[in-house]
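Here is a short walk through one protein chain. Look at the fold as a whole, then follow the text into its details.

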Amino acid sequence: MTKQVTRVNIFQDINIFKTMSKKVVIGMSGGVDSSVSAAILKKEGYNVIGITMQIWVARESTPNTVNTCCSLASIEEARRIAGEIGIPHHIIDMRDIFIENVIDNFCNEYSSGRTPNPCIRCNQFVKFDYLWEKAKELGADLIATGHYARIEKNQITGKYLLEKGIDENKDQSYVLYVLTQEQLSHTIFPLGNLRKEETRQIAEVLNLSVSKKPESQEICFIPEDNYPKFLRNVVPERIVPGPIIDKECRVIGQHKGLPFYTIGQRKGLGISHKKPLYVASMDIKRNALIVGEKEDCYSKEFLVKDLNWIALDNIREDHRVKVKIRSTMMEEDAVISPKNNNVYVKFDKPQWAITPGQSAVFYENDVVLGGGIISANVR
């Protein structure tokens, strides 16, 4: 009985926004986060419309039993949840846009020896752009998603700031660094001040059928998280075997195709050595995989391109910040320096597997200053 009261209080105490009658469109994936976000917005007095983007499933040949936000099952679940909450729901076909902006880039990056983050690319070119376009068609004032992050307006500078969600284990500010001031100005994140367990408690209080639904897999459009199989099916012509070379330039094996590997990878090399070997770099011109020992995968310095600044306009001098180079790591101390239109990063301490194609995001306390794409390591 006490447990139930606690859960109800958690829901009743949510007062993220003042009650208002503004119309908001929320992206619904069929998962617990977006479902609870929609319920919170409705409770706060918004006129809420749910939208689910169909982005890939109709072009995939695998069964739709995979727990992803792209499956037909998840699309139908989003529709059902919208009905449970009592809001209208629309499905929009985004397959061509998703393929052009996310799938093609994913294949091109891996084929070029880089490791992309398709979630960031999707946020940048699909979700927040086209969700807003649909929202305007429906006469909406705002868009919302179930991301764990926060947006605040700096009353002095007038800039909208992207900040970490309060749940350190679920914070998604890293994958949102690509958002622009315009996008931030009409976006809200209802879960930014909640922890994941509180989100699930709210779903249980509301008897939402997704309250115990597990997390979706990391890359939503790749069944069973098997990206080598995906690449082999989609771009087989780019899968070309080649030599595995050690740091003394000796050929010690044969790789199955550069798109199947990433910096720091140990498993799947198919070679024996007195010490464990890891992917240290790739030589695209020679179609060669360069391997080394664990210490060869640590470095401190690299270049970042394709920058997007949020809290700053740019940097004109050295700036001490925290830098995060993958979604699963904590940010680390570094100095960033301007270099033409790019940024040069130097960590205080060597970091594991700094990977071209991934994103480097710059933080000052909880605030995202900006970020960009890792271009090359400087060893």
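The model shown is predicted. Begin at helix α4, which spans residues 95–111. This helix is kinked by about 25 degrees, and the kink is centred on isoleucine 103.

Isoleucine 103 is also one of the buried residues of α4. Just past the end of α4 comes glycine 113. Its phi is positive, at about 80 degrees.

Now move to strand β6, residues 160–164. Glutamate 163 sits in this strand. Is glutamate 163 buried or exposed? Its relative accessibility is 12%. The cut-off for buried is under 20%, so glutamate 163 counts as buried. Which residues does it touch, leaving out those up to four places away in sequence? They are Ala149, Arg150, Glu152, Ser173, Asp366 and Val367.

Step back to the whole chain. The secondary structure comes to 8 helices and 17 strands. The chain has 379 residues, and 51% of them are buried. Take the contacts with a separation of 6 or more: 66% of them join residues 24 or more positions apart. The accessible surface of the chain is about 18100 Å². Carbon and sulfur atoms account for 47% of that surface.

Key
Residues are numbered from 1 along each chain as its sequence is written. This is a predicted model: local features need pLDDT of at least 70, side-chain atom pairs count only at pLDDT 80 or more; totals for chains, interfaces and linings use all residues. Side-chain values use heavy atoms; hydrogens and water are left out. The bend at a residue is the angle between axes fitted to the seven residues ending there and the seven starting there. Helices (H or I, at least four residues) and strands (E, at least two) are DSSP runs, numbered from the N terminus. Buried means under 20% relative accessible area, exposed over 50%, partly exposed in between (1.4 Å probe, protein chains only). Contact means heavy atoms within 4.5 Å. Accessible areas come from the Shrake-Rupley method with a 1.4 Å probe; for residues, only the protein chains shown count as cover.
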